[in-house]
Amino acid sequence: MVLLLSFFFRTVLLVNFKQRFCETLICFLSLFCVIYSSNSNTGTRVGHCTKVPRNVNLEKLRSGYLFPEISRRESEHMQKNPDASLIRLGIGDTTQPIPDIITLAMAEQVHSLSTIKGYRGYGDEQGNMALRKAIAGKIYQDMGIKPDEIFVSDGAQCDISRLQMLLGSNVTVAVQDPSFPAYIDSSVIVGQAGELEEETAKYGNIIYMNCGPENNFFPDLSTTPRTDIIFFCSPNNPTGHAASWQQLKQLVAFAKANGSIIVYDSAYAAYITDESPRSIFEIPGAKEVAIEISSFSKFAGFTGVRLGWTVVPEELLYCNEFPIIKDFNRIVCTCFNGASNIAQAGGLACLSTDGYQALCNVIDYYNENAKILIDAFSSLGLNVYGGENAPYIWVHFPGLSSWNVFSEILEKTNIVTVPGKGFGPGGEEHIRVSAFGRREHILEASRRLKILYR
């Protein structure tokens, strides 16, 4: 800093002070920026300062998105313990191979691209019509969903952001607490959230709907304020709870009475083992108040392939009676060139009779993993939720910080979990444990956890 000041004043003395002061000051400030750039969420960076201000909404985000933070702490742990046998039960990434019938369909699509007859370039932004028809027929059978109401995408998380672009910054938002962090973070980015209140760890303009064991993981709608948008995930990430038909009937009636739109995330619907609805559109009247997003990621192991869809019913209208589907179509056509035709070929194979059965076998494998983890934590006298209709186990550690529990398990057992607070204030005192893993790793993790907590 002293050298920079010296440079500045010596330069001023050497030039006409009146004519050159401003130019010299700008040079000095530019040099200062190169070395001491403004502090950001990722730390001090070295580079060239432009005259472009930072998006003020991004400044409101908390220090880092949850899952990259988990990965960072995992990397730090492995640097300190390079020989550790790490078991990853944190980030919900699938581990079992995709069935051959599906990968062969994608391989055939790849090969066809090398032929004159089979080559295809851009496809429809809304998705391959054959796939849209297959989704309508297999996933939404008897629910009245039309292929034209289905928009194929590169994944549900991407569609959350496209929906936020559709909705804009002037809408009010409610989320489950705890919930998948992308709902809140995307609300902050588009300007819906208001300021972060440090004492509560909540954003001032977001309604947090408590969804815990005390209310059967469903909000008390009689005390929930009206909002324009209600984000609702079932089976829920992170708690693993699947809303009942009666609960969703209440939610649809609540949205209709308030003129709200439900953004319903059904990414884990394939894991439901009881009579819980797999889609919001099983509920009468839902097509008038709901948008549904879903994904092949956890259903088919497509976390790396990237394929999902969004359903926007024709009956869903803005307050001025304009169809929302028309605006979403415009968003998709403007911001997206369509999902990979290779991934879509795989998606079509997933929904074939043999492909679907092969995927059900993989899902059964993960559900068995969940039972093993439930038994392990239950044997320790802990309250355990989820795992029956979702690949996540939600474990309560009364009176303890979830980040401290996460750190203790990582340091003493070399197992990666996810601290509940990362999913919102309502997640404190809990951790989320993923059933995505190889059986031998699940059994070994159970053994280590029993040793730690007995």
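**Exercise 1.** How do the axes of α13 and helix α15 lie, within what distance do they come and at what angle do they cross?

*Solution.* The model is a predicted one, and the two elements to find in it are α13, residues 353-378, and α15, residues 439-453. Their axes come within 9 Å and cross at roughly 10°. Because angles under 35 degrees count as roughly parallel, α13 is therefore roughly parallel to α15.

**Exercise 2.** List the residues through which α13 meets α15, and sort this contact by residue class.

*Solution.* Begin on the side of α13, where Y365, E368, N369, I372, L373, A376 and F377 take part. Then turn to α15, whose contributing residues are R439, I442, L443, S446, L449 and K450. Sorted by class, the contact between α13 and α15 holds eight nonpolar, two polar and three charged residues. The spacing along each list can be read with a general rule in mind: an α-helix has 3.6 residues a turn, so residues three or four places apart point the same way.

**Exercise 3.** Work out the strand order of the open sheet that contains β14, and state which helices lie against this sheet.

*Solution.* Four strands make up the open sheet, in the order β11-β12-β15-β14, with antiparallel pairing. At its edges are β11 (383-386) and β14 (418-419), each of which pairs on one side only. For β14 the partner is β15, residues 430-434, and these two strands are joined in the antiparallel sense over two bridges; within β15, R432 is the bridge partner of V418. Helix α13 packs on the sheet by touching β11, β12 (392-396) and β15, and its direction makes about 10° with that of β12. Helix α14, residues 402-413, lies across β14 and β15 and runs at about 45° to β15.

**Exercise 4.** Decide whether helix α8 is largely enclosed or largely open, and say which of its residues are buried.

*Solution.* Helix α8 spans residues 181-190, and eight of its 10 residues are buried, so this helix is largely enclosed by the rest of the structure. The buried residues are P181, A182, Y183, I184, D185, S186, S187 and V188. Just after α8 comes G191, which takes a positive phi of about 95°.

**Exercise 5.** Describe the protein chain as a whole.

*Solution.* The secondary structure comes to 15 helices and 15 strands, and buried residues account for 49% of the 454 residues. Among contacts between residues at least 6 apart in sequence, 71% join residues at least 24 apart. The accessible surface is about 21,900 Å², and 54% of this belongs to carbon and sulfur atoms.

Key: Residues numbered from 1 in each chain as written. Predicted model: local features only at pLDDT ≥ 70, side-chain atom pairs only at ≥ 80, totals over all residues. Heavy atoms only, no water. Pairing = 2+ DSSP bridges. Contact = heavy atoms within 4.5 Å. Axes fitted to C-alpha atoms, helices over the stretch in contact; angles between N-to-C directions. Parallel < 35°, antiparallel > 145°, perpendicular 65-115°, else oblique. Nonpolar A, V, L, I, M, F, W, Y, C, P; charged D, E, K, R; others polar. Buried < 20%, exposed > 50% of the residue type's maximum accessible area, 1.4 Å probe, protein only. Areas by Shrake-Rupley, 256 points an atom, 1.4 Å probe, with all protein chains shown as cover.
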